[in-house]
Amino acid sequence: MHRTWLDLKARITGGDPESILEGVYFGERYLYSRYDDVLGELNFPESLQADRDSLVRQRDELGEALNQINDVYRAFQNQS
């Protein structure tokens with residue numbers, strides 16, 4: 001659904017890179033917060049520890065992607 005929203009936003013804004021980057025950042029930040037919510041709210045039994053570890057890795061990778069998106073966005077803003 002997020003991808004569809006970004007496609008629609010690109011058509012509406014004429015492919016404005018700043019607007020698209022904002023949309024990407026917003027979506028990734030939302031996903032990151034959901035991972036944090038799940039990891040903070042659920043008590044994983046020992047039998048599911050490997051699954052929890054997998055979620056932590058995914059969240060951390062998402063955090064790295066957020067940092068990269070933020071760097072690209074800031075670089076774009078400095079060029080404008």
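Author: Buried means under 20% relative accessible area, exposed means over 50%, and partly exposed lies in between, with a 1.4 Å probe and protein chains only. This is a predicted model, in which local features need pLDDT of at least 70, side-chain atom pairs count only at pLDDT 80 or more, and totals for chains, interfaces and linings use all residues. Residues are numbered from 1 along each chain as its sequence is written, and side-chain values use heavy atoms, with hydrogens and water left out.

Reader: Which residues of α3 are buried?

Author: They are Arg 59, Leu 62, Gly 63, Leu 66, Ile 69 and Tyr 73. Helices here are DSSP runs of H or I with at least four residues, strands are runs of E with at least two, and both are numbered from the N terminus.

Reader: What covers those buried residues of α3?

Author: The cover includes α2, residues 17–41.

Reader: How many residues has α3, and what distance does the helix reach?

Author: Helix α3 runs over residues 49–79, which makes 31 residues. From first C-alpha to last it reaches 45 Å, close to the 45 Å expected at 1.5 Å a residue. The expected span is 1.5 Å times one less than the number of residues.

Reader: Now Arg 59, please. Why does it count as buried?

Author: Arg 59 counts as buried because its relative accessibility is 16%.

Reader: What is Arg 59 in contact with, sequence neighbours aside?

Author: Beyond the neighbours within four places in sequence, Arg 59 is in contact with Tyr 32, Tyr 35, Asp 36 and Leu 39.

Reader: Turning to charges, how many salt bridges does the structure hold?

Author: It holds 3. A salt bridge is a side-chain nitrogen of Lys or Arg within 4 Å of a carboxyl oxygen of Asp or Glu. One of them joins the side chains of Arg 59 and Asp 36 at 2.9 Å, N to O. Arg 59 lies in helix α3 and Asp 36 in helix α2, so this pair ties together parts 23 residues apart in sequence.

Reader: Which other residue forms a salt bridge with Arg 59?

Author: The side chain of Asp 60 meets that of Arg 59 in a salt bridge of 3.1 Å, N to O. Through shared partners, salt bridges join Asp 36, Arg 59 and Asp 60 into one network. Asp 36 counts as partly exposed because its relative accessibility is 33%, and Asp 60 is partly exposed at 36%.

Reader: And where do Arg 34 and Asp 37 lie?

Author: Both are in helix α2, 3 residues apart, about one turn of the helix. In general, an α-helix has 3.6 residues a turn, so residues three or four places apart point the same way. Arg 34 is partly exposed at 38% relative accessibility, and Asp 37 is partly exposed at 30%.

Reader: Lastly, Glu 18: buried or partly exposed?

Author: Glu 18, found in helix α2, counts as partly exposed at 26% relative accessibility. Leaving aside neighbours within four places in sequence, Glu 18 is in contact with Tyr 73, Phe 76 and Gln 77. The C-alpha atoms of Glu 18 and Arg 74 are separated by 9.7 Å, although the two residues are 56 residues apart along the chain.

Terms used:
Contact means heavy atoms within 4.5 Å.
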